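Subject: Structure handover

Hello,

Here is the structure I promised to pass on. Please open it alongside this note.

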Amino acid sequence: MTIAAIANRAPVIPVLVIDDIDSAVPLANALVRGGLPVLEVTLRTPAALAAIKRMADSCPDAIIGAGTIRNGEDITACRKAGAAFGVSPGAPASLLAALAGDVAENGDWPFLPGCATASEAMLLSDFGYEMLKFFPAEQSGGAAMLKSLAGPLPDIHFCPTGGIGAHNAADYLTLPNVRCVGGSWVAPAKMVAAKDWDGITKLAAEASKLNAR
Ligand code: 3PG
């Protein structure tokens, strides 16, 4: 599956921070039930890799990705855990080299590298990345910035993330160069801690009704 095909599966990719490994599968199931099958588990907690493995093993209807990938070790560990794709907040040369080395050795792995400027987007496009994470979206100029990039760089598509919620997701999703958005608002830390799976399914159901252009 290409990263574009993954991005086309749903308008919103929940960005997940998982502290309690036992919450991983019920959280994934709650989001899938609500209509959001593509999930990004960030590598920000000690439980993240085990959570990716459990979700990938136990949630056949979900597409589990790994976020906050920073180096070759992260790539290797996430692929081993079963992550179907990877995401990074940026794209330093060291990470791009590690990705190229990994793909040469182990075959393709859909990847969403991060960028926040026209130069970064152009560089990543030249490297062959068809879809980019625009991060941190709101702080980097928001929907207005992406609208401005659509003129000169119409072939570069984005998944903006950072500061996006139910209040502004549609501003991004109506843009021609946005396929989907990412965000943590569909799985708030408090609701995850309270194991409010029905509440999270409701948030996901609302988000899944947002229409990408
Ligand atoms: C990310 O890692 O993509 C962001 O931290 C998610 O941003 P949000 O919490 O503002 O949605």
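Which way do His 157, Phe 158, Cys 159 and Pro 160 point from strand 8, and are they buried or exposed? His 157 and Cys 159 point one way, while Phe 158 and Pro 160 point the other way. All of these residues are buried. In general, side chains in a regular strand alternate between the two faces of the sheet. Please keep in mind that this is a predicted model.

**The sheet around strand 8**

Strands of a sheet pair through backbone hydrogen bonds. Four bridges join strand 7 (residues 131-134) to strand 8 in the parallel sense. Met 131 has His 157 as its bridge partner in strand 8. Leu 132 has Phe 158 as its bridge partner there.

**Aromatic rings**

How many aromatic pairs does a search of the whole structure find? The search finds two. One joins Trp 109 and Phe 111. That pair is tilted, with 6.0 Å centre to centre and 45° between the planes. Both Trp 109 and Phe 111 are buried.

Phe 134 and Phe 158 also form a pair. Their ring centres are 6.2 Å apart and their planes are at 75°, so this pair is edge-to-face. The pair links distant parts of the chain, with Phe 134 in strand 7 and Phe 158 in strand 8, 24 residues apart. Phe 134 has a relative accessible area of 0%, so Phe 134 is buried. Phe 158 also counts as buried, because its relative accessibility is 0%.

One more ring deserves a look. Lys 133 lies over the face of Phe 135, at 4.9 Å from the ring centre.

**The cavity**

Now for the empty space. Rolling a probe the size of a water molecule over the atoms shows where such space is left. A search of the whole structure finds one cavity of 30 Å³ or more. The largest cavity has a volume of about 40 Å³. Which residues line the largest cavity? They are Ile 3, Ile 6, Ala 7, Ile 13, Leu 112, Met 131, Cys 159 and Cys 180. By class, the lining has eight nonpolar residues, no polar and no charged. Helix 1 (residues 3-7) gives the most to this lining, with three residues. Two of the lining residues have come up already. Met 131 lines the cavity and is the bridge partner of His 157. Cys 159 lines the cavity too, and points the same way from strand 8 as His 157.

**The largest pocket**

The largest pocket has a volume of about 340 Å³. Of the 15 residues that line this pocket, the closest to its centre are Asp 108, Trp 109, Phe 111, Gly 128 and Tyr 129. Helix 5 (residues 93-106) supplies the largest share of the lining, four residues. By class, the lining of the largest pocket has 11 nonpolar, two polar and two charged residues.

**The second largest pocket**

About 250 Å³ of space lies in the second largest pocket. This pocket is lined by 15 residues, and the closest to its centre are Val 17, Asp 19, Ala 189, Val 192 and Ala 193. Strand 1 (12-16) and helix 9 (189-193) are the elements that give two or more residues to the lining. Helix 9 gives the most, with three residues. The classes here are 10 nonpolar, two polar and three charged residues.

Where is Pro 188 placed? Pro 188 sits in the loop between strand 9 (181-183) and helix 9. Its relative accessible area is 25%, so Pro 188 is partly exposed. Pro 188 and Leu 203 are 15 residues apart in sequence. In space, the two are 9.6 Å apart, C-alpha to C-alpha.

Best wishes

Note on methods: Residues are numbered from 1 along each chain as its sequence is written. This is a predicted model: local features need pLDDT of at least 70, side-chain atom pairs count only at pLDDT 80 or more; totals for chains, interfaces and linings use all residues. Side-chain values use heavy atoms; hydrogens and water are left out. On a 1 Å grid over the protein atoms alone, a cavity is a set of points where a 1.4 Å probe fits but cannot get out, and a pocket is an open set with protein on both sides within 12 Å along at least five of seven lines; lining residues have an atom within 4 Å of a point. Grid points are joined across faces, edges and corners, and a volume is the space filled by probe spheres set on the points. Ala, Val, Leu, Ile, Met, Phe, Trp, Tyr, Cys and Pro count as nonpolar, Asp, Glu, Lys and Arg as charged, and the others, Gly among them, as polar. Two strands pair if DSSP finds at least two bridges between them. Rings of Phe, Tyr and Trp (its six-membered ring) pair if their centres lie within 6.5 Å; planes under 30 degrees apart count as stacked, over 60 as edge-to-face and the rest as tilted. Buried means under 20% relative accessible area, exposed over 50%, partly exposed in between (1.4 Å probe, protein chains only). A charge sits over a ring if NZ of Lys or CZ of Arg is within 6 Å of the ring centre and within 35 degrees of the ring normal.
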